[in-house]
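This briefing is meant to be read beside the model. It covers helix packing, the ligand site and local backbone features.

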Amino acid sequence: MKIVVLNGSPKGDVSVTMQYVAYLRKKFPENEYEILNIAHEIRTIEKDSKAWENIIASVRSADLVIWAFPLYYLLVCSQYKRFIELITERKAQDAFFGKYAVSLSTSIHFFDQTAHAYIHAVSDDLGMKYLGMFSADMKDLLSEKEQKRLEIFFALTFSAVREKIPVQPEYMPLVPSAFVYIPGGEKTIRAGTKKVVILTDDDGSPANLAAMTARLLKNFSGSVELINLHDMNIKGGCLGCCQCGYDNTCVYTDGYVDFFNNKLVPADIIIMAGSVRDRYLSSKWKQFFDRSFFKGHTPGLAGKQIGFVIAGPLSQIPCLKEALTAWAENGGCNALFLTDEARDSEKLDALLDAMADRLVQGSELAYIPPQTFYAVGGHKIFRDRIYAGMRVVFQADYRYYGEHGMFDFPKGDIKTRLMNALLIPLTRIPGFRKKVFGDMKHHMIEPFAPVLENA
Ligand SMILES: Cc1cc2nc3c(=O)[nH]c(=O)nc-3n(C[C@H](O)[C@H](O)[C@H](O)COP(=O)(O)O)c2cc1C
């Protein structure tokens, strides 16, 4: 069986994910493996047509394609995303069509599900036969139990490929819209003292994106600036080197960090405008998110009002909405969404104005919504890792978490510990237990009584 591994780590061979592939090679030596360092070589792949053609020829010859990647900001890294865009731009879909595929990732399980859903959807769009995902924690391979799990997953995968089993696609093709937005009369949105930054990756297509940001730029009165990611001095995607972990200093010396600190951090409202490209925004946008890793696992834009303004069928891509919502929530922001799916210029005018208004109001009242599972879960993952296993690498995070009271382990809650120590033994007494459990509903609302009395 010929297996082509599309390596999505910017670190190339020196990658955690590739250790899992190396393990597979040892355990299943009967297969032929070809590993293509996609993310690491993306510049060459973009520029050198021979390099591109070699990759496509390899995919064409494969019985199984393994999308192997590290998680980067709830998805794959920007370099890998760019490769996926090139497949369609260069009309190479036929090389992937009908191939069996699986996805294999390493991560710390922070939104690994959105990344795999993305790859699954991309595989379905390419007409591949997607057999499943394997999401390993970075260190899983060190455990015998997890080694076994990996072996079983791939034994099942290889058997499915050998037997040529049928596979049902899960994601319906996206239905594009031909709607052209023509903005109407102006309306003034008073931003007051609030600073607004409209960040876009507009490259001329689709035209709706530029029309939407133009309306916002015109209507906001006050400090408002439109910045195009394409005009910025960003030399490349995050390299995953983690050197920033020590003191938030990025190895790149381009304009990104300066832009982040001096344009975005002072802003109150950030409009993030982009178009749907395959099942996400563009790789340019992804590069923006990835490069913000110089802030480690700290909320670098906390307290901002974020308006996602998207051209394209966002409502058909729930995992994109989920990834952006979770990004904003984990960053301590309030996020509103708007797309051009209204398919009616007047309606879209009104929606854009309403969003702009709500962002200003949200900013004036400093509204940040309560966290859902996305950020509650995310915080616990980062808190535990930064406290323990990742502390040496992410020392800047460790300091930040300490200074901001983010090491909020329940073990530190002395009051609750004392109460548990007292009450748990008492509940062994049948009469006491009956009293507590028999009236649990009232006990649960008891603490709220003084709040309501004083409200
Ligand atoms: C820029 C960046 C973003 C990351 N984002 C995530 C993430 O969203 N979720 C997660 O669980 N791990 C995330 N990680 C951790 C990596 O996925 C993890 O370290 C992975 O094992 C690295 O694999 P590699 O050595 O093959 O590149 C991120 C790491 C970097 C450098």
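The model is predicted. Two packed helices are described by the angle between their axes and the distance between the axes. Each helix pair is therefore given below with those two values, followed by the residues in contact.

**Helix α1 with helix α7**

- Helix α1 covers residues 16-27 and helix α7 covers residues 144-162; their axes come within 11 Å and cross at roughly 70°.
- Because angles of 65 to 115 degrees count as roughly perpendicular, α1 and α7 are roughly perpendicular to each other.
- The crossing in which α1 passes α7 is right-handed.
- On the α1 side the contact involves Tyr20, Tyr23, Leu24 and Lys27, and on the α7 side Gln147, Leu150, Glu151 and Phe154.
- Sorted by class, the residues of this contact of α1 with α7 are 5 nonpolar, 1 polar and 2 charged.

**Helix α8 with helix α12**

- Helix α8 (residues 207-219) packs against helix α12 (residues 345-364) at an angle of about 50°, and the axes are 10 Å apart.
- That angle makes α8 oblique to α12.
- As with any such pair, handedness can be stated too: α8 passes α12 in a right-handed crossing.
- From α8, the residues Met212, Arg215, Leu216 and Asn219 meet Leu348, Asp349, Leu352, Asp353 and Ala356 of α12.
- The contact of α8 with α12 consists of 5 nonpolar, 1 polar and 3 charged residues.

**Helix α13 with helix α14**

- Helix α13 spans residues 373-387 and helix α14 spans residues 395-403; they pack at an angle of about 115°, with axes 9 Å apart.
- The crossing of α13 past α14 is left-handed.
- Phe382, Arg383, Ile386 and Tyr387 of α13 make the contact with Asp397, Tyr398 and Tyr401 of α14.
- By class, 5 residues of the α13 contact with α14 are nonpolar and 2 are charged, with no polar residue.

**Ligand surroundings**

- How many residues surround the ligand, and which are the closest? There are 20 surrounding residues, and the closest are Ser9, Ser15, Thr17, Leu71 and Thr106.
- For Ile108, a polar backbone atom is 2.9 Å from an oxygen atom of the ligand.
- For His109, a polar backbone atom is 3.2 Å from an oxygen atom of the ligand.

**Backbone details**

- The peptide bond from Ser205 to Pro206 is cis, and its omega is near -5°.
- Pro206 sits in the loop between β6 (189-200) and α8, and α8 is the helix that packs with α12.
- Tyr73 is not a glycine, yet it has a positive phi of about 45°.
- Where is Tyr73 found? Tyr73 is in the loop between β3 (64-70) and α4 (78-89).

Conventions:
Residues are numbered from 1 along each chain as its sequence is written. This is a predicted model: local features need pLDDT of at least 70, side-chain atom pairs count only at pLDDT 80 or more; totals for chains, interfaces and linings use all residues. Side-chain values use heavy atoms; hydrogens and water are left out. Axes are lines fitted to C-alpha atoms, for helices over the stretch in contact, and angles run from 0 to 180 degrees between N-to-C directions. Helices (H or I, at least four residues) and strands (E, at least two) are DSSP runs, numbered from the N terminus. Angles under 35 degrees count as roughly parallel, over 145 as roughly antiparallel, 65 to 115 as roughly perpendicular and the rest as oblique. A crossing is left-handed if the near helix is turned anticlockwise from the far one by less than a right angle, and right-handed if clockwise. Contact means heavy atoms within 4.5 Å. Ala, Val, Leu, Ile, Met, Phe, Trp, Tyr, Cys and Pro count as nonpolar, Asp, Glu, Lys and Arg as charged, and the others, Gly among them, as polar. A residue is near a molecule or strand if one of its heavy atoms lies within 4 Å of it. A polar contact is a pair of N or O atoms within 3.5 Å; within protein, one must be able to donate a hydrogen and the other to accept it, and residues adjacent in sequence count only if both atoms are side-chain atoms.
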